[in-house]
Amino acid sequence: MKGFTRIVVLTLALCLAMGAAVQAATLKIGSQSPLTGSYAADGNDIANGTRAAIDAIQKEGGIPGFEKIELFAEDDACDPRQAVAAANKLLNEKVVGVVGSYCSSSTIPASEVLDEGKILMLTPASTSEKVTERGLPYMFRVCGRDDDQSVAAMKFMTDFLKAKTVFIVDDKTTYSQGLADNVEKLAKEKGIKVIEHDHVNQGDKDFSAVLTKVKNAKPDVFYMSLQNSSSGALMLIQAKRMGIDAAIIGQDAVYHPQLMEIAKDAAEGVYLTFGFIDEETPAYKKFLAAYEKYGKPGAYSAYAYDSAYSLLSAIKAAGSTDPDKIKAEIMKIDTLGASKHIKFMENGDSGSNYIIRVVKDGQFKNFWDPQTGKKY
Amino acid sequence: MAEGEGSPGHKAERMDYFLQQMINGLTLGGVYALVALGYTMVYGIIQLINFAHGEIFAAGGYMGVIFLSFLTANGFMEAHPGLGIGLSLILSMGYCAMLAMAVEKVAYKPLRQSSRLSVLLSALGMSIFLQNGLMLTQGVYDKAYPTEFTHGGFDLGAIRISYMQIGILAVTALLLVALNALVFRTRMGKAMRATAQDKVMSALVGISSNKVISLTFAIGACLAAAAGIMVGLYYGSVRYDMGFVPGIKAFAAAVLGGIGNITGAMIGGLVIGMVEIMAAAYLPMGGQYKDVFAFVILIGVLYFMPTGIMGENVDDTRV
Amino acid sequence: MTRGSRVWLLFAMAMAWLFLLLWPLLGIGPDGSLTFGEAFAVWWKIALAALACFVIHRLSRAGVFEPLTRPLFRLTQGVSRVYGASPKWMFLVPLLAFALTYPFFTDRYAQDVAVNVLVYVCLGLGLNVVVGLCGLLDLGYIAFYGVGAYTYALLSVHYGLSFWLCLPVCAALAAVAGCIIGYPTLRMRGDYLAIVTLGFGEIVRIVINNWMSLTNGPNGILGIAPPSIVVPAMKDGGLALETVVMRQLSAMYYIILALAVFTVVAVRRLNFSRIGRAWEAIREDETAAELMGVNTFRFKLLAYAMGAVFGGLAGAFFAARMKFVSPESFTFIESAMVLAMVVLGGLGSIPGVILGALALVALPEVFRQFELYRMLVFGGVMALMMLVRPAGLWPAARMGKRSDDEG
């Protein structure tokens, strides 16, 4: 009987060891974004962008030492409480890095949780300045920053539109209000008159009251700072209906095909600031091929792809899952990604590259480059 | 105004601004009135705040986009746009009536003898259930209405009136007239009024309270469905949670006008719509606190004048 | 048509009606197609489940399950008799031991879930005071949670006050908020009370969302200090007091456990006191209570205030734990969830509310794959509970007897 027991124990131990070995052969990374709720469109883009990057890396031979790469895609619905819960879950799964989140108000608390576990976090979409200004060592940002985005918008207003007056509306979220406040400040510096800076609520449907004010004020530019494309579309429809003929400038949050789906002809001629994505580069084409099975890429698919790809290639280069080693490799990255030139600064930012795009014939087209002052 | 000067200076401009906001307010008020009618009729008859009514409104909006998209894809809309909208309207009214009657039979009827708390909680549960049902079957994203002609309008001096606004006001007026005719000039309407006044006695004189209650739910749902479609056409999209806040505001309108009182609900809806738009137009922070006004009115009315503007109309024979 | 077959006909009609309602949502494609497959796929699953329930219901009515249910019933009777007869500490001591040693044998994720459960236990018990004990349907309860959370957030960020000092302040402010919100509702009917409290809850959330200078609006307040305790330590060769910041999850767990225990004890004492009896009288029949000399005005206000206190305490803890508050955490859906817990567990019942919190917070974690269906199930369960078991999973033990009770 003793021999039998020994065999059983050995077998069990072997199974456990194999199980652990199999576990060890799986690289776990996480993603955190709003998969449900008002921002589900962009949240799913982020999750899919991460998946596309994993597919791309695996096609290139994967990461040595790991048989497969597993993605844990968590939903935070742009709610800070759920963001903390999702971060805790990822912490528990002992993921090596997380791509996320979308809303700055989710990224910030989640990053504090992940920092406790020394898990790297790369955000593809949170543009609030606060994200990288807290001194967290493992926090990186692949998209641009709002202080740069507002500068680009302001340049467009002064240099191209030659605007004298502007009417600003925002929905009070960190992101939207941050941009709006920056634009207001810059406008005052450049001598553009800010007729009014009004606010609406997230989730509002009826903007007729504030738009009537805009119509009456007859500004040269109507700066529309909203956090998602569905609100943006609603506002555009009502603005057009009301006969507002000011130049309308939005920003990267409304960059989503949903804008044209809902607003249709009301979106024609609307400008927006968005990080320049050169769709002709081989990196972008590679991204497009990898993303094909997930549908049409949205605003943040490419950024999420770049975040995940940077993380995975850093892990590959470091040859380990030690966060400091991976961080060292990330800091060495200096390549042309699908969305932009990826090179991280000391505080985790990777620079901004905002251009002006316009909606023409139901499509987003590059319009004007603030760096060169030339049209495309 | 807090920052900058946005308020129009000259008197003519001020008048134009006021009139424009008036039209905006009337349009919104018409929508609220249609939804409020459903609340008020149901409350008048079984003393229940039908929380699920807001979701019926949302379902109406969804049915509209489903039918309109279908007809657009088949080319029907291009050929007969008016008929297309009319058909969608009728079909979605029918659907919502069926939905409301089903909810009543399943969640409210068995609890008629239970405490008010039970049926209220059941209504709340159904509201959450329906809203999430819509989300699961129709998706979390906004669903766009396929129509573009609703974006146009014409100018009357400096005021801009959009075609949809006229459409909403016209349809609302039509439905209200129809409802009035139904309730006050037909036998069925008489039966409804009798049941609302005294359920037990009506049953004793031979009016089937079950049938009347089902009919009440159905009519309320038809009105809400119409409101839902018009909101969808006007704003351009619908979302699964679009019923919650308008539902509460519509109930506030019903209470304001006097619960159970049909004319009261109409007036209450218009008032709430106007107050919301005017507050957003003239108060410095009005735009952001827009939603609060309906709630404040609700609380104020219930505290100072619980029977509402036109007086309430409930079965007060039941303790 | 016999009575029996008529029921089957009704069932068939109900299923047909369900299909008619389901199909347009799933079957009419925006590309102009009419498909029945998807709708049918969803429908037949529901129909099958409904059929199973229906068949079981008919069979149990016919008495087929008697040989099974009778011994089961006797077993549960026996268990409840034993439970009733044995002293409470026999069950409480092992439970407490389990709760106290919980962080030692569970991982971080399970501790996180436990902390969530305990927070909702506090909230549920607080709401229980208002809805279950006093019968006031409060749909805006989450406002007190928000008041507590933001109070601690502001005091911590602007004045650096410690968590422990802020707890009574949060409780007091929440109580004041409770009185303010409760006051206008005192003369209102049950249903109006519900919608007015809902309105108040929304007003509080909208104000928090818009009062940028005070609350930073939708961006929330960042950098809230976690609780810290002062411990004696050996330093520089002498005994000195050192402030230790409690950052670990297990520390959080113990704090909320203490708060939850406090809430349970407090609510229990309130329930079995004169106050509790006054509340029960008001809940059952307000007019009669008034006639019997119960000052309904004062007791209803007290119910709101006491309920709010527990919500405020939970809110302060929430802020300390997340180190971040934002208005998105205090929506109506949260109020509805807490209400669902109280209703599911049993109005007025303390173990019931704890059970409800476990069911509605811990169970969804187990079924994380079905995350999308979570709220759907919530809504359905709430309506279903009212239909089949309005007293809840663990109904409240009645004090004394009523004339319409058996035995």
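The model is predicted: local features need pLDDT of at least 70, side-chain atom pairs count only at pLDDT 80 or more, and totals for chains, interfaces and linings use all residues. Residues are numbered from 1 along each chain as its sequence is written, while chains are lettered from A and ligands numbered from 1 in the order in which they are written.

**View 1. Chain C as a whole.** Chain C holds 16 helices and 4 strands. Helices (H or I, at least four residues) and strands (E, at least two) are DSSP runs, numbered from the N terminus. The C-alpha trace of chain C spans about 90 × 65 × 50 Å along its principal axes. Of its 407 residues, 42% count as buried. Buried means that 20 or more other C-beta atoms, placed from the backbone, lie within 10 Å of the residue's own.

**View 2. The two domains of chain C.** Domain 1 covers 3–79 and domain 2 covers 101–388. These bounds come from an automatic or database domain assignment. Taken over C-alpha atoms, the centres of the two domains are 37 Å apart. Among contacts in chain C between residues at least 6 apart in sequence, 74% join residues at least 24 apart. A contact is a pair of residues whose C-beta atoms, placed from the backbone, lie within 7 Å.

**View 3. Chain A against chain C.** Chain A gives 20 residues to this contact and chain C gives 19 residues. On the chain A side, α3 (80–93) and α4 (104–116) are the elements that give two or more residues. The largest share, 8 residues, comes from α3(A). By class, this side of chain A has 6 nonpolar, 8 polar and 6 charged residues. Ala, Val, Leu, Ile, Met, Phe, Trp, Tyr, Cys and Pro count as nonpolar, Asp, Glu, Lys and Arg as charged, and the others, Gly among them, as polar.

**View 4. Chain B against chain C.** Here 44 residues come from chain B and 38 residues from chain C. Elements of chain B that each supply at least two residues include α2 (53–73), α4 (81–108) and α10 (244–257). The largest share of the chain B side, 17 residues, comes from α5(B). That side has 30 nonpolar, 12 polar and 2 charged residues.

**View 5. Helix α6 of chain B.** Helix α6 (residues 163–185) has 23 residues and reaches 32 Å from its first C-alpha to its last, close to the 33 Å expected at 1.5 Å a residue. The expected span is 1.5 Å times one less than the number of residues. Its buried residues are B:Met164, B:Gln165, B:Ile168, B:Thr172, B:Leu176 and B:Leu179. An α-helix has 3.6 residues a turn, so residues three or four places apart point the same way.

Terms used:
Two residues are in contact if their C-beta atoms, placed from the backbone, lie within 7 Å. A residue is buried if 20 or more other C-beta atoms lie within 10 Å of its own, exposed if 12 or fewer, and partly exposed in between; C-beta atoms are placed from the backbone.
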